[in-house]
Amino acid sequence: ETGVTQTPRHLVMGMTNKKSLKCEQHLGHNAMYWYKQSAKKPLELMFVYNFKEQTENNSVPSRFSPECPNSSHLFLHLHTLQPEDSALYLCASSPAAGYEQYFGPGTRLTVT
Amino acid sequence: QKEVEQNSGPLSVPEGAIASLNCTYSDRGSQSFFWYRQYSGKSPELIMSIYSNGDKEDGRFTAQLNKASQYVSLLIRDSQPSDSATYLCAVNRDDKIIFGKGTRLHILP
C-alpha cells in the first residue's frame with residue numbers, strides 16, 4: 001500500500017443512515033485532514049488532527065464526527081446528513097501541521 | 001484581502017505554448033509555497049514546492065517565488081492537453097496550509 005487510501009470510494013446514503021468514511025496513510029505522517037469539495041467549488045477544510053489531537057474544527061455541523069485513533073488512521077462518522085452534504089470528501093496527510101499535504105483519492109458521497 | 005488569491009480563469013493556452021499561473025498571498029511570514037494540480041472529479045496532486053526566492057525547475061514546470069512582492073507563479077512549458085486541470089496555490093501560515101480557490105487551465109489542441 002502506498003500513499004493515502006480512502007474507503008469507500010463511492011457512497012450513497014439516505015438521510016437517516018449512519019456511515020463512516022475511512023482514511024489510512026502509509027507515509028509516516030503525523031497530521032491528517034478532512035476536506036469537503038462540492039461540485040466546481042473550492043476545497044473546504046473541515047478538521048485537522050496533529051499528533052492525534054484535533055487542532056481545528058472549521059465550524060462543521062455535528063452530524064459530521066471525526067475520529068483519529070492513531071497517526072495513520074482517520075475516520076469521519078456521518079449521521080442524519082442532508083442532501084447538500086453530497087460532495088467529494090478528501091483526506092490528506094502531512095509530516096506535521098503546516099507542511100505539504102498529500103491527498104487520498106476521495107470518497108464521492110451522495111445523500112438521497 | 002484574501003489570504004491566497006488566484007484568478008479563477010479559465011485560462012486558455014494553445015498547445016505547445018507556455019502557461020503562466022499566478023498567485024498572491026497576504027502573510028509576509030509565509031515560508032513554504034506549493035502548487036497542486038487537480039483534474040475534474042479527482043483529488044489534488046502536489047506538483048511543486050518552493051521555499052526560497054527565485055526559480056525552481058522540475059521538468060516542464062517552473063515555480064517562481066518573490067517574497068518581497070508576495071507573489072508565486074507556476075510556468076508550464078510546452079503545454080499539453082493533459083495539462084488541462086485546475087491548479088491550486090497553497091501557502092503555509094503558522095502551522096496551517098491555506099489553499100487558493102484555483103485557476104482552471106485549458107490547453108487548446
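## Close-up views of a predicted two-chain model

View 1. Ser73(B) is found in strand E8 (residues 71-76) of chain B; strands (E, at least two residues) are DSSP runs, numbered from the N terminus. This is a predicted model, in which local features need pLDDT of at least 70 and side-chain atom pairs count only at pLDDT 80 or more, while totals for chains, interfaces and linings use all residues. Residues are numbered from 1 along each chain as its sequence is written, chains are lettered from A and ligands numbered from 1 in the order in which they are written, and side-chain values use heavy atoms, with hydrogens and water left out. Ser73(B) is buried, at 1% relative accessible area, where buried means under 20%, exposed over 50% and partly exposed in between (1.4 Å probe, protein chains only). Leaving aside residues up to four places away in sequence, Ser73(B) touches Leu21(B), Asn22(B), Trp35(B), Thr62(B), Ala63(B) and Gln64(B); contact means heavy atoms within 4.5 Å.

**View 2. The disulfide of Cys23(A) and Cys91(A).** A disulfide is a covalent bond between the sulfur atoms of two cysteines, and is taken here as a pair of cysteine sulfur atoms within 2.5 Å. The count by this rule is 2 disulfides over all chains. In the link between Cys23(A) and Cys91(A), the S to S distance is 1.9 Å. This link is left-handed, with -75 degrees about the S-S bond. Cys23(A) belongs to strand E3 (residues 18-25) of chain A and Cys91(A) to strand E9 (residues 87-94) of chain A, so the bond ties together parts 68 residues apart in sequence. Cys23(A) is buried at 0% relative accessible area, and Cys91(A) is buried at 0% as well.

**View 3. The disulfide of Cys23(B) and Cys89(B).** The two sulfurs are 2.1 Å apart, and the link is left-handed, with -75 degrees about the S-S bond. The pair links distant parts of the chain, 66 residues apart: Cys23(B) sits in strand E3 (residues 19-25) of chain B and Cys89(B) in strand E9 (residues 85-93) of chain B. Cys23(B) is buried, with a relative accessible area of 1%; Cys89(B) is buried, with 0%.

**View 4. Cys68(A) and the closest cysteine sulfur.** Cys68(A) is buried, with a relative accessible area of 12%.

**View 5. The largest pocket.** On a 1 Å grid over the protein atoms alone, a pocket is an open set of points where a 1.4 Å probe fits, with protein on both sides within 12 Å along at least five of seven lines; lining residues have an atom within 4 Å of a point. The volume, about 610 Å³, is the space filled by probe spheres set on the points, which are joined across faces, edges and corners. The lining has 24 residues, of which Lys40(A), Lys41(A), Ser40(B), Thr86(B) and Arg104(B) are the closest to the pocket centre. The lining residues divide into 9 nonpolar, 9 polar and 6 charged (nonpolar: Ala, Val, Leu, Ile, Met, Phe, Trp, Tyr, Cys and Pro; charged: Asp, Glu, Lys and Arg; polar: the others, Gly among them).

**View 6. The second largest pocket.** The volume of this pocket is about 400 Å³. Of its 17 lining residues, the closest to the centre are Leu43(A), Leu45(A), Ile97(B), Ile98(B) and Phe99(B). Strand E5 (44-50) of chain A and strand E10 (96-99) of chain B each supply at least two lining residues; E10(B) gives the most, with 4 residues. The lining comprises 8 nonpolar, 2 polar and 7 charged residues.
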